[in-house]
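Subject: Structure for you to look at

Hello,

Here is the structure I said I would pass on. Please open it first, then read the notes below it.

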Amino acid sequence: MIEWLPGVLLMTGLAGLAALLLVVARDRFQPETDEIVQRINQVLPQTQCAQCGYPGCLPYAEAVAAGEAINLCPPGGDETVTVLAELLGREQEPLQDKAAPVVAVIREDDCIGCTLCLPACPVDAIIGSAQEMHTVIEADCTGCELCLEPCPVDCIDLVPVPVAAAAPAFPDFEMNCINCGFCETACPRDLQPQQLFHERERMAALELLDLSACIECYKCDRVCPSELPLTRTFKAAKTRRQQQLNAEATSQRYQARFEAHQQRLASATSKVRKRPSSRDKSALLAKLGGDV
Amino acid sequence: MPDVVVILLTTIFVNNFVMVQFLGLCPFMGASQRIDAALGMGAATTFVLTLACGISYLLDTWLLVPFQLEYLRIIAFIVVIASLVQFSQIVMRATQPLLHEVLGIFVPLITTNCAVLGVALLNSAAGNSFAHSIVYGFGAAVGFSGLLVVFAAVNERLADDRLPAPFRGSAIKMITAGILSLGFMGFTGISP
């Protein structure tokens, strides 16, 4: 018997078993549906705009968990598709009919004060009362177009809003990092510029490496033998982080308003008392017998 | 029971893997800027190391030794530990989302950490039983995590101090680690 055979067999067997185990585990242990729906829902922009064909973000999240396409959310943009593709391990697809962000604006001269658009707004962003002019709170409008349809006089326009600045690109460089570590000694804040540079795409890692402590002093640039644009890269990474935080804050605000709206609708139906009608009254009198 | 205590004491203090055996220095230097990161890293390491010691013991006694393939230990351990850690991460993500939230980023980082492989190899060289192997891995990990937290605490304090220029950055870290290591060398005397 050849003496290397058992070793080769064992390693092949081990590697094969390990691969099998991982493939089976990936298929069997999909995160539980509720949890995955929650995570998808967190990724969605919470505009509740129904442009995906579902009545809101949560229903769309449920549909995605059940296998619906991930590229139906125009307000989320390509970023959402990317995150969803990563989260669900699916192929990234280009976004379908991408629209520029808009907000609804009411032409105040034409508004007749009918209040029909108020309940249509999923985030309670339209204020007004009967016979009075209505208006849209611009900061809270998600541009979902749901108020256009109920308006009897078509006085609501969709106005494009200035597009938020695109994520800044990282500056180009000629020679890559050679891991010399000079920048670490140079950093007055004891950060690890070379690690920060390697991990520039990964927000979680940047957080751990404490990017926000960088004071942008350019000392690391000066000692770098590859002449990497370190500080400019960190500036871009910081801007990206801030944009991400802003987008998250906006989507959380939308979601809170949407939930408040839903709760109000639910409590309206449950809280309104049922008063006895005049017919009930006469029936009661008849039952008591005689006129009171 | 007493030997369990002895193994724990040995691995945590006397033979601390970072300070006496100099294993796992990269996360020790790298992930020790902040205490919360150090805690996450420590917890993840404890999980991985305990698991790694158990599985590598089984692999060693049932496959490698009977077929006289001890020379394959390093590569076989790496394959099995890496895939097992990936597997447990998949299971954890599905069943324990909260735990995954805490440990999620750290677990893949330490899959093939030198400390994990080193402890598994030292363990099989020491010829421990299965239960003792697990205690050995757990103790090594507790020693590692404790030290990581201590070192992170020192670093957090040092970050705001005004140091002389030659000591700044990695230099003061090395010196701190050296002094810590000296302290741990002192435990050698109580070796059982």
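**The largest nonpolar core**

Val48(B) and Val116(B) touch the most other members of the largest nonpolar core, which has 60 residues. A nonpolar core here is a set of buried Ala, Val, Leu, Ile, Met, Phe, Trp, Tyr and Cys residues joined through C-beta atoms within 7 Å. Buried means that 20 or more other C-beta atoms lie within 10 Å of the residue's own; 12 or fewer make it exposed, anything in between partly exposed, and the C-beta atoms are placed from the backbone.

This is a predicted model: local features need pLDDT of at least 70 and side-chain atom pairs pLDDT 80 or more, while totals for chains, interfaces and linings use all residues. Residues are numbered from 1 along each chain as its sequence is written, and chains are lettered from A and ligands numbered from 1 in the order in which they are written.

Which element gives the largest share of this core? It is α3(B), with 13 residues. Helices are DSSP runs of H or I with at least four residues, strands are runs of E with at least two, and both are numbered from the N terminus. Leaving aside residues up to four places away in sequence, Val116(B) touches Val48(B), Leu49(B), Ala52(B), Ile81(B) and Ile110(B). Another core, of 16 residues, lies apart from the largest one and includes Ile40(A), Cys52(A), Val81(A) and Leu84(A).

**Chain B**

Chain B has 9 helices and 0 strands. Of its 192 residues, 40% are buried. Among contacts in chain B with a separation of 6 or more, 81% join residues 24 or more positions apart. Two residues are in contact if their C-beta atoms, placed from the backbone, lie within 7 Å.

**Where the chains meet**

The contact takes 23 residues from chain A and 24 residues from chain B. On the side of chain A, α1(A) gives the most, with 11 residues. That side divides into 14 nonpolar, 3 polar and 6 charged residues. Ala, Val, Leu, Ile, Met, Phe, Trp, Tyr, Cys and Pro count as nonpolar, Asp, Glu, Lys and Arg as charged, and the others, Gly among them, as polar.

The axes of α1(A) and α4(B) come within 9 Å and cross at roughly 5 degrees. The two helices are therefore roughly parallel, a term for angles under 35 degrees. Axes are lines fitted to C-alpha atoms over the stretch in contact, and angles run from 0 to 180 degrees between N-to-C directions. Residues making this contact include Leu14(A) and Leu21(A) of α1(A), and Val79(B) and Phe87(B) of α4(B).

Regards

Conventions. Angles under 35 degrees count as roughly parallel, over 145 as roughly antiparallel, 65 to 115 as roughly perpendicular and the rest as oblique.
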